[in-house]
Structures are given as C-alpha cells and as structure tokens.
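Thank you for making time for this. I would like to walk through one model with you, going from the whole chain down to a few single residues.

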Amino acid sequence: LVIDELRETIGKMEVALSEIEDSIVWTDGMGEVRWCNKAFDQLIGKNHLSILGSDLSELLPLKPQGIAEDNGQYPILQLLASKHNRGEFETEIQGKMEILEISCSGFSLRDSQEYVILALRVVTRQRKMADALAASRKRMEQELQIGREIQMSLLPAALSEEPEFSVYALCQPAFEVGGDFYDHYFVKKNHLCFCIGDVSGKGVPAALFMSVAKTMIRNYAYGRKIGTADIVREANQRISAHNPANMFCSLFIAILDIATGSLVYTNAGHNPPFMMTSDGGLQAMKGKHGPVIGAYDELVYHEETLQMQPGDTIIVYTDGVTEAIGQNGDWYTVDRLRDFLLGYRSASPSALVTAVAEDVNQFKGTAQQADDITMICLQYKGRH
C-alpha cells in the first residue's frame, strides 16, 4: 500500500514539477534521495537513476555561506531536521563554487515516515550582482557625503555679527547635496552684499549648477560700481551661455550700505522676502525685477531701493520652507510663515531663523523633507 501510494504521489509530482526551473529533491529524514526532477539531474550533472538512493550530503557538500567550516556537522542534515527552513549555502557543483538558495518543507505519508522536499536555486550571479550593487551604493553614499561636506564648506559662516548689522543663515539640503545656496560678503567698503538662490532640480546636478551660479554672482559683484540689476544680468548672460542642461535658478540679491541703511535689491523669480520694521510692522517685499537666471541670456533685470532703519530685519527663504509637506499632505504655506513671524518681530536673526526652522520641522513631523530648506536673515543696526 505504501509503495502504491508512493508511486501515485511520485507520478503526480513528476507531472506537477517537470516544468519547474528550480531543482526539486525529495528525501527522507536522513537525506537519502527518493525522487528528483530533471533540473536537479542537470544541476548535479549525473544520470537520474544514479542519483536515486544517494546521500544528498555527498551530492551537495554544503557549507553556510561565508563560513569556512561547520563544526563537523552536516548543514544538509540540519536543514532536513528543521523541515521548514530556508537558507543560502556554498557548494562545489561540476567543478564550480556556487551559491545555492535552498527551501525545504516536510511532509509524511500513511506509514508515518517523514519526508522532506527541497527546492534548490543557483543564485551565485544574483548574489554577486547584489554584493556589487551594495558596494557601489556604499561608495556612492560615501562620495555624496564628501560632496555634502564640500558643498557646505562653500557657504560662508552662518553667523556674521558686526556693530552695524547682524546676519544669520541656515541651509538644510533634502538629500546629501542640494541646489539651495546663500552668500554674504563686502563688495566694497561699507557695502555688504547678501543673496540666496534656489536651483531647479535636486541632487548632484543641482549642486553643481549651484556652485557655478554662486561663483558667477560673487565674481560679478566684487569690486563693481554697479547695482544688483547689472550683477544679475551679467551672471545670467554667462550662465545661460553655458547651460546645456537648461537648468535655472531663482535669486534674491541685495547690497546694503551699512553707513546709511540704503538697500538696493533685485528679485529674480524668487519668493518675496519679509521685512520686519523696528516699529513692529511686517510686510512682504513683493517687487519682481525679472525672471529666474539661466533660462535665456538676453533677459533684462531691474532693481529697487529702500531705506532701512536701525532695528529693521529682512528674512529671505527658499520654497523649501513654505512648501514643506506635513504628515497630512498639506503645505506649510506663506500665510503660516507670515503669522509665525508676527511673534518674532523683535528677535535676533539667529533666534528668528532657528525658530522658523523648528516650526517647519514640527509641522513636517515624520514626513520626508521634499526640498532644500534655506534662509538668510539680516538685521540692520545702524551706525552708533
């Protein structure tokens, strides 16, 4: 009866498993091969009849992957004893070292004899590819981290404190490297230039474009007796002429005469900054003086002048602030930023920027940061 049942079971198995690409082996609890499919014949490279009745541990002298020896025990017997298990093993097959992924499942017939069916798949190539990809990914992450450190080093110190003014800035890239930037420097005596930009796109391309744009703007600003409109125009011409990727950058740039408080600025497609006056007022600087830079080399830009009073503060930000996405999928928004700033009209630039960043992070919660978050804040103190 048992033999008839075995024959019937084997017949059904042969029909069901004949077209499966994986190697299938049926053994008893001690590893004696009772049945196998053609794929296993081909894997071992032996005649089908010579395999039946053989010891599987001799056909496949396994060892756990990455382990030299197995304390004298036989992994195949441990695998069979577990009855329901899965693992990867190294073995020599037809003169080549291979990695086998083996799954096994136990069953029993009416004679109470326990058997195990094993499915074997050669995964050497896949594992080598996975290992190579993992190594490549690790190397890329290390290089991106170095790129981030280099990029952050290109930005000036976050805090600049002088008797006439105070500047504080923050940049939090969404990824290892980003396309936002800020800068501040004296272009000539008593004239402080500060700017902020947001490059289209993300990652390495945006970071490279950011470095070029920031350098061009600084080069055209240094030592020139020209206004912000001319700085933006000349930088745009140079960048647009060498921009095969058709990237672009929004920009806000201003030059403050620290002796008089006169501020000349150009907004090239950037978010309107907020001005907080010493008397408690808060207003958006909504003037637009031209489109983003890098799109077309013959663009015309304009500038605007305002008079800052001691105690007045300007905060400029990229859209990573106002378009930060919360856990419910809603945006932080300009309105929320304006309402938040109302409570910090007398704060220092460092306290103000830090508070805004903390509020954005609390709003975002566990949601992933979708864009770079960058701010620069200047407070004019006047000459004493």
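When I speak of helices and strands here, I mean DSSP runs, with at least four residues of H or I for a helix and at least two of E for a strand, numbered from the N terminus. Please keep in mind throughout that this is a predicted model. Counted in that way, the protein chain has 17 strands and 11 helices.

Turning to the chain as a whole, 47% of its 384 residues are buried, and the accessible surface amounts to about 19300 Å², with carbon and sulfur atoms contributing 51% of that area. If we take the contacts between residues at least 6 apart in sequence, 62% of them join residues at least 24 apart.

Let me move to helix 5, which spans residues 75–82 and in which Pro 75, Ile 76, Leu 79 and Leu 80 are buried. These four lie on the same side of helix 5, because the arc they cover around the axis is only 135°.

Next comes Tyr 344, which sits in the loop between helix 10 (334–341) and helix 11 (349–364). Leaving aside residues up to four places away in sequence, Tyr 344 touches Met 276, Leu 352 and Ala 355, while its C-alpha atom is 9.5 Å from that of Val 356, a residue 12 places apart from it along the chain.

Finally, some backbone angles. Most residues other than glycine have a negative phi. Asn 190, however, is not a glycine and has a positive phi of about 70°; it is placed in the loop between strand 9 (180–188) and strand 10 (191–199), and with 22% relative accessibility it counts as partly exposed. Thr 333 likewise has a positive phi, near 75°, and lies in the loop between helix 9 (319–322) and helix 10. Thr 333 is partly exposed as well, its relative accessible area being 33%.

Definitions and conventions:
Residues are numbered from 1 along each chain as its sequence is written. This is a predicted model: local features need pLDDT of at least 70, side-chain atom pairs count only at pLDDT 80 or more; totals for chains, interfaces and linings use all residues. Side-chain values use heavy atoms; hydrogens and water are left out. Buried means under 20% relative accessible area, exposed over 50%, partly exposed in between (1.4 Å probe, protein chains only). Contact means heavy atoms within 4.5 Å. Accessible areas come from the Shrake-Rupley method with a 1.4 Å probe; for residues, only the protein chains shown count as cover. The arc is that of the directions from the helix axis to the C-beta atoms.
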